[in-house]
Amino acid sequence: LAWLVDWLLREADALAVRPRPGIERELRELLGPSFDTVRPERLWTIPEGIAVDGAAERPMAPGDAAVRTLERAVAALPERRRGLPLLLTVARLNRVKGIPQLVEAWAGDAELREGFNLVVVGGDLERPTGEERLVLQEVEAVCKRLPAARSGLVLLGHRSHDEVPQLLRAAAHGILGVVAPGGVYACPSRKEEFGLALLEALGAGLAVVGPDRGGPPTYIEDGRTGVLVDTTDLHALRAGLARAASARLDPARAERARSLVRERFTVGAMAEQLVEMYSNVTGEAALKAA
C-alpha cells in the first residue's frame, strides 16, 4: 500500500485535498518523504459544495414528508414542549459523531433543555447495526441519568438526502403551533473531515455549532457565522450551544451564513475550481508535448 501511495504521488499531475487548517503539515506527517515529490503548484485545496437554489431560505411546503414526520413526533411530546425551537443534528449513529455527548450537553443544562427540543436525525432505529445499537444504548444511559431528557428528545432515524433540507427549513422557519422559528444546528463530532450537513445548515441560516478541528474551521467564523468548540469537552460543547442559542434570532448572522455558502460553497464553485485544476494540468501537459 505504501508503494502504491508513493507511485500515485509521483505520477499524479495534481493532488486535490479538502480544506483544513495545517493540511500540508498533516500530509507530510502521513505521507513522509513521498510528500516531498508534490510541488506546491500541484497541490490544490478544493472545498466540497452543496446545491443552493434558494429553497433552504424559504419556508418548507406543508406537504413535505419529513415535516409531517417531525410534526407527529413533536406532537407526541408533552404539551408544554410544543412550540419550542429545535436543536437539530444530522449524523450517522456512530460513536465518532458524539450524539450521546450532545444529548448530555443539552439535557444537563436546564435553560437549554427547557428552551429547545432536541431532534436527532440518522440511524436505523428499527434494525440498528451493532454500532448503531451501541450509540442508542449510550443515549439511553444518558436518559437514565438525566430523566428530564426524555420529555424533549426526538429520534427521527434515517431520512433521505432530499428530506434533510426540509428539516433544516423547519428548524429555521418553524412550523405554526409546533416548532418555533430560529433553531440551532449542532455537529458534535469528535472529528469532521468537512461537514456537508453543517454547510447546509449555514445555508438555511441556522445558528450552528461545530468542532474546532478538521474542516469546519475553514468555513465557520466563530462568533460571526457560527460557533466553534472542542466537541470532545462536554462543558465546552454546552457553552457553545448556549452561545449559538443567544444568536439564533440574529438576522445579520443568518445573512452572513447564507451569503458565505452562496458565494463560496456551492456545487458550481467546486466545479469551477476542478475545471481550473484540470485545465492547468492539461495546459502543462500540452507545453511538455510541444
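The structure is a predicted model, in which local features require pLDDT of at least 70 and side-chain atom pairs count only at pLDDT 80 or more, whereas totals for chains, interfaces and linings use all residues. Residues are numbered from 1 along each chain as its sequence is written, and side-chain values use heavy atoms, with hydrogens and water left out.

The structure contains 17 salt bridges, a salt bridge being a side-chain nitrogen of Lys or Arg within 4 Å of a carboxyl oxygen of Asp or Glu. One of these joins E48 to R18, with the closest N and O atoms 3.2 Å apart. Because E48 belongs to the loop between β2 (43-45) and α3 (65-75) and R18 to the loop between β1 (15-17) and α2 (23-31), the pair ties together parts that are 30 residues apart in sequence; helices (H or I, at least four residues) and strands (E, at least two) are DSSP runs, numbered from the N terminus. R18 is partly exposed, at a relative accessible area of 41%, where buried means under 20% relative accessible area, exposed over 50%, and partly exposed in between (1.4 Å probe, protein chains only).

A further salt bridge is formed by the side chains of R169 and D64 (3.4 Å, N to O), and this pair links distant parts of the chain, since R169 lies in helix α7 (residues 164-173) and D64 in the loop between β2 and α3, 105 residues apart. R169 is buried at 11% relative accessibility, and D64 is buried at 13%. The salt bridge between E255 and R258 (3.3 Å, N to O) is instead set within helix α10 (residues 251-264), where the two residues are three apart, about one turn of the helix. Here E255 is partly exposed, at 33%, while R258 is buried, at 19%.

Helix α9 (residues 234-246) comprises 13 residues and reaches 19 Å from its first C-alpha to its last, close to the 18 Å expected, the expected span being 1.5 Å times one less than the number of residues. Within α9, L234, L237, R238, G240, L241 and A244 are buried. Seen down the helix axis, the buried residues of α9 fall within an arc of 160°, so they line one face of the helix; the arc is that of the directions from the helix axis to the C-beta atoms. On the other side of α9, H235 and S246 are exposed.
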